[in-house]
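Here is a short briefing to read alongside the model. Have the viewer open, and let's walk through a few features together.

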Amino acid sequence: MNKIGIIGGGFTGTMTAVQLITKSTAPFVITIINERETFNKGVAYNPYSDKHILNVITGKMSAYPDNPDHFLDWVMSRHEFQDRDKTLIANSFLPRKLYGEYLTEIWAETIKIAESKGIDVNVIDSFVIDLDVNENSVSLLLENENNLIFDECIIATGNQIPRNPAVINNEFYKSKNYYQNPWLIDSVKNLKNDLPVLLIGNGLTMVDTVIGLLEQGFKGEIFSISPNGFNILPHRHNGLKYNKLTEELTDNLSLFELVRLVNRHIKTVREYGVSAEPVIDSLRPHTQKIWKNFTDSEKELFMSRLRHLWGVARHRIPLHMHDKIQKLQIEGRLHINSGKIIDITESDKFVSVEYFNHHDHKMHTLNVSRIINCTGPETDLMNVEKSFLKNCLIKGILTQDKLKLGITADTETFQVLDPQGRPHTGLFTLGSNLKGELWESTAVNELRGQAEKLADKLKVAKHSQEVKNAETL
Ligand SMILES: Cc1cc2nc3c(=O)[nH]c(=O)nc-3n(C[C@H](O)[C@H](O)[C@H](O)COP(=O)(O)OP(=O)(O)OC[C@H]3O[C@@H](n4cnc5c(N)ncnc54)[C@H](O)[C@@H]3O)c2cc1C
């Protein structure tokens, strides 16, 4: 029987397994390796707070590409939502924990389907520490020292913890007052109020961390430092669809032409008191194609000059969260700075941060009790310590794209490419590992489609292999 292994059981690994099991017409063995606590949920849907909410409305969070209301219908079927207005719920932002429950329930239903089809499902509570590609199989070494061999293996490792920003003295990163992983509750617990806390980064994770700190009763000041210090934007025009820009999109638009086009449309909508959001959102279904058409130097230019602006325009927060963040700023409890951290030193009294402020062009010193890294997932796999992906890069099993955003792969078949650009027949990847290939490959909106497409490809590959085997007999 065919043996399929999936490394990582967050949204992507779970939904790939769900699609494979649902679509399968023959028994096979499927094994998912993921620690128990985050299985089905991954980083995003296993938050430490109920106040950490989805950044996409309920109506757009279905786990299935061909059933857009699946999440909404699941929510409305729950006891606590039965008297609520469906349109309001469809347009609201619900807790990420609830989404984790949704995925766990989908998985429970899938197990029943697997049993009825004679599919053997294994979930292993461990961590993959090495991977090798053999002639007709992929072998994995687990942290618990077990070896596993699969005919086909899918890398669905998702979000890596943030990278440590470069500073003069790296020693601080070993301190107990530094939290590299902002998604763990320990990062916001047990703080005294007499000293401020510094959050590095100014995006969605910064907002979650501020909410987490308040929930834990922190009453001191919170500082954030990021290169641009852009204010995070709210969702203001939910549901407003703008089509005029996409009517003018043509194949092979250069970055320069695209920026000019977008700016022209933003100017037009602003004349009517509408913000740039619907213009940016209208590009969303086209961003992968646009990215693929850019030259290497256009991609580099985008990363160095436009990435942060794009991030602010794309990653917005619900209005009530935005109000809270603004209120904290007005009260002087949250200070959002644009700057670059130069050095961090620590005494027995506080952590001292020297940074260059981009507004007044001067060096400043900030004394804080703790630093939490909210810069977002690391994409350069060479910077991820103790990772089988780093080992695979060193061994020449896989390569990174030029911008070090992910793994080089064929985005039609999801096969990982070797350093010579040849696809590995039995090794696949999807999700944020495809960021270098597709740019937008992170949200449920993209991942659910990839999970389904990969399941179809594996089914086709398996079927054609069976036909080939039958012919040679
Ligand atoms: C905090 C946060 C909030 C988000 N909110 C939203 C949202 O509201 N809406 C939206 O559409 N998108 C959101 N996203 C984007 C999110 O990345 C995707 O929606 C989705 O959850 C990604 O799932 P994934 O399985 O690819 O990655 P992950 O969720 O990161 O899951 C990967 C899993 O693989 C496991 N793993 C990694 N390496 C190994 C290994 N070597 N061995 C075994 N297991 C391993 C990890 O432990 C993890 O459980 C959010 C992302 C983050 C980080």
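What volume does the second largest pocket have? The second largest pocket comes out at about 630 Å³. Keep in mind that this is a predicted model.

- Two or more lining residues come from each of helix H7 (255–270), helix H8 (277–283), helix H9 (287–293) and helix H10 (296–314).
- H7 gives the most to this lining, with seven residues.
- By type, the lining residues split into 20 nonpolar, three polar and four charged.

**Domains**
- The protein chain is divided into domain 1 (3–53 + 95–160 + 378–472), domain 2 (170–233 + 317–373) and domain 3 (244–314).
- Between the C-alpha centres of domain 2 and domain 3 there are 31 Å.
- Where these two domains are in contact, domain 2 brings five residues and domain 3 brings four.

**Helices H5 and H11**
- Helix H5 (residues 204–215) and helix H11 (residues 319–330) have axes that come within 11 Å and cross at roughly 70°.
- That angle is why H5 counts as roughly perpendicular to H11.
- On the H5 side, Val-207, Val-210, Ile-211 and Leu-214 take part, meeting Met-321, Lys-324, Ile-325 and Leu-328 of H11.
- The residues of this contact are seven nonpolar, no polar and one charged.

Conventions. Residues are numbered from 1 along each chain as its sequence is written. This is a predicted model: local features need pLDDT of at least 70, side-chain atom pairs count only at pLDDT 80 or more; totals for chains, interfaces and linings use all residues. Side-chain values use heavy atoms; hydrogens and water are left out. Axes are lines fitted to C-alpha atoms, for helices over the stretch in contact, and angles run from 0 to 180 degrees between N-to-C directions. Helices (H or I, at least four residues) and strands (E, at least two) are DSSP runs, numbered from the N terminus. Angles under 35 degrees count as roughly parallel, over 145 as roughly antiparallel, 65 to 115 as roughly perpendicular and the rest as oblique. Contact means heavy atoms within 4.5 Å. Ala, Val, Leu, Ile, Met, Phe, Trp, Tyr, Cys and Pro count as nonpolar, Asp, Glu, Lys and Arg as charged, and the others, Gly among them, as polar. On a 1 Å grid over the protein atoms alone, a cavity is a set of points where a 1.4 Å probe fits but cannot get out, and a pocket is an open set with protein on both sides within 12 Å along at least five of seven lines; lining residues have an atom within 4 Å of a point. Grid points are joined across faces, edges and corners, and a volume is the space filled by probe spheres set on the points. Domain bounds come from an automatic or database domain assignment.
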